[in-house]
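The sequence and the structure are shown first.

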Amino acid sequence: MNPVQATVTNPVQATTAASRPGRTLASLDPLRQDALLAAGLAALASGIAVTVGSGRHPDALGWALLLGLHVPLVWRRRAPLTVLAVMIALIATYHQLDYNHSAPTAASMVVLYTVAVTHGPRRTALVGAAVVTLMLLLKIRHGMAGVQVSFQITGWIVSMLVLGGYIRVHRENAAAAVERAERAERTREEEARRRVAEERLRIARDLHDLLAHSITLIGVQTSVAAHVLAADPERLDRTAVAQALDDIAETCRTARGELRTTLEVLRAPGTPDARGPLPGLAGLAELAKSAGAEAELTVRADAVPPAVGAAAYRIVQEALTNAVRHGGRADLTVRVAVHEEEDGLRVRVTDDGVGAPDAGPPGFGLVGMRERARSVGGTVEAGPRAGGPGFEVSAVLPLGEKPGERVGAEG
């Protein structure tokens, strides 16, 4: 095992390293951070009490009050208003006894900042007004000197409250920005998952249409070859057998090519044209020729959008497959009509077969045709043909803006 793997895969060493004395202040829990802050402020206040500032040096009671008013700072984040109330009582008593007036200043500013950073602007303003009022009541007996000091203290109080309010707003904005970023990331992930699901569904439809059509044709062509072989072995029609086998080979080659084109999207998902060219109305003639039954094709449409042409092709392909599979007749005839009307491209596939599906589990043919039509805003209706035997599939696919119309409008 190399050293990098040992470092990553050994949680005991990681835990031991994290518990060593060299941890930073930011890694400590908030209560311990505030305890260290209170101790530091108490040491600073002790130094000020015996060096600078007005008032007398603290005696035993003064030291008890000065050090005791720093103790509540340990819980300043958990209950800031309670800590402020306790500290105001201790600080007021300390000042009334005329001990060094500069010593508790830092602690009082910290608790005011904490109140402002943890509460809204209205409550912060009320707290500030109450503290200033109490300070004025304590200083009023000092006359003009007290008024001057009161203005100075009021400035410090307002400054701390404004600073705390600014930090609070900044934190709220930062949290909102992080939340928006996380929401955007979740949205991107959901969009990616949706696109993956849509692509999987598209590939499933393509594979279903391709394989169902090809396997049905191979089945029909194999049945023809088997029938020729079994009909009269002594007068074997080698030409018919060879033609059936050639048709099977051609169907396999065509299916292999279409399958390769369909699966390219899985091999190269980053390429801009990973899907390959879409099938369209131009391929209907070849599709009808290889239908496995007598097919009559009529197409009266031109310059349809590629997506609409692909949907029409797949609907016709699935309808031909179902007709051959469920027609139940050797001399089955399928009529395919594709023509353009005002409401869109109309696709109609009818056969004169039995029209009843074989017994067995339901397939996805009709569902796939409806999904193909829905992908371009169209509809599909399928059912027994009215006025005679057979089955009919009818689809209406909106054309939208045809490819040549935009060029003509811009020209």
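## A buried aspartate and its partners

In this predicted model, Asp-34 has a relative accessibility of 2% and therefore counts as buried, the limit for that class being under 20%. Its side chain meets that of Arg-77 in a salt bridge, with an N to O distance of 3.1 Å. The pair connects distant parts of the chain: Asp-34 belongs to helix α3 (residues 30–49), while Arg-77 is placed in the loop between α4 (60–68) and α5 (80–96), 43 residues apart from Asp-34.

Whereas Asp-34 is buried, Arg-77 has 40% relative accessibility and counts as partly exposed.

## Salt bridges within helix α8

A search of the whole structure finds eleven salt bridges. Among them is the bridge between the side chains of Arg-183 and Glu-179, at 3.2 Å from N to O. Both residues lie in helix α8, four residues apart, which is about one turn of the helix. Arg-183 is partly exposed at 39% relative accessibility, and Glu-179 is partly exposed at 44%.

Another of the bridges joins Arg-194 to Glu-191, with the closest N and O atoms 2.3 Å apart. These residues are also both in helix α8, here three residues apart, again about one turn of the helix. The relative accessibility of Arg-194 is 37%, which places Arg-194 in the partly exposed class; Glu-191, at 28%, is likewise partly exposed. Elsewhere, salt bridges with shared partners join Asp-34, Arg-76 and Arg-77 into one network.

Strands of a sheet pair through backbone hydrogen bonds, in either a parallel or an antiparallel manner. In this chain, five strands form an open sheet with the order β1-β2-β3-β5-β4, and the pairing is mixed. The edge positions are taken by β1 (294–300) and β4 (379–384); each has a single partner strand, so one side of each is left without a neighbour in the sheet. From one strand to the next, the twist averages 10°.

Six bridges join β4 to strand β5 (residues 391–397), and the two strands run antiparallel. Gly-383 stands opposite Glu-392 in β5. Helix α12 (residues 365–375) packs on the sheet and touches both β4 and β5, its direction making about 155° with that of β4.

Thr-216 has its place in helix α8 (residues 143–231). With a relative accessible area of 11%, Thr-216 falls under the 20% limit and is therefore buried. Leaving aside neighbours within four places in sequence, Thr-216 is in contact with Leu-211, Thr-321, Val-324 and Arg-325. The C-alpha atoms of Thr-216 and Gly-292 are 8.1 Å apart in space, although the two residues are 76 residues apart in sequence.

Thr-124 lies in helix α7 (residues 121–139). Its relative accessible area is 8%, so Thr-124 is buried as well. Beyond its neighbours within four places in sequence, Thr-124 is in contact with Val-115, Ala-116, His-119 and Leu-161.

## The aromatic pair

A pair of aromatic rings is described by the distance of the centres and the angle of the planes. A search of the whole structure finds one such pair. The rings of Tyr-94 and Tyr-99 have centres 5.4 Å apart and planes at 40°, so the pair is tilted. Both Tyr-94 and Tyr-99 are buried.

## The chain as a whole

The chain contains 13 helices and five strands. Of its 411 residues, 34% are buried. Among contacts between residues at least 6 apart in sequence, 70% join residues at least 24 apart.

Methods:
Residues numbered from 1 in each chain as written. Predicted model: local features only at pLDDT ≥ 70, side-chain atom pairs only at ≥ 80, totals over all residues. Heavy atoms only, no water. Buried < 20%, exposed > 50% of the residue type's maximum accessible area, 1.4 Å probe, protein only. Contact = heavy atoms within 4.5 Å. Phe/Tyr/Trp six-rings, centres within 6.5 Å; stacked < 30°, edge-to-face > 60°. Pairing = 2+ DSSP bridges. Axes fitted to C-alpha atoms, helices over the stretch in contact; angles between N-to-C directions. Salt bridge = Lys/Arg side-chain N within 4 Å of Asp/Glu carboxyl O.
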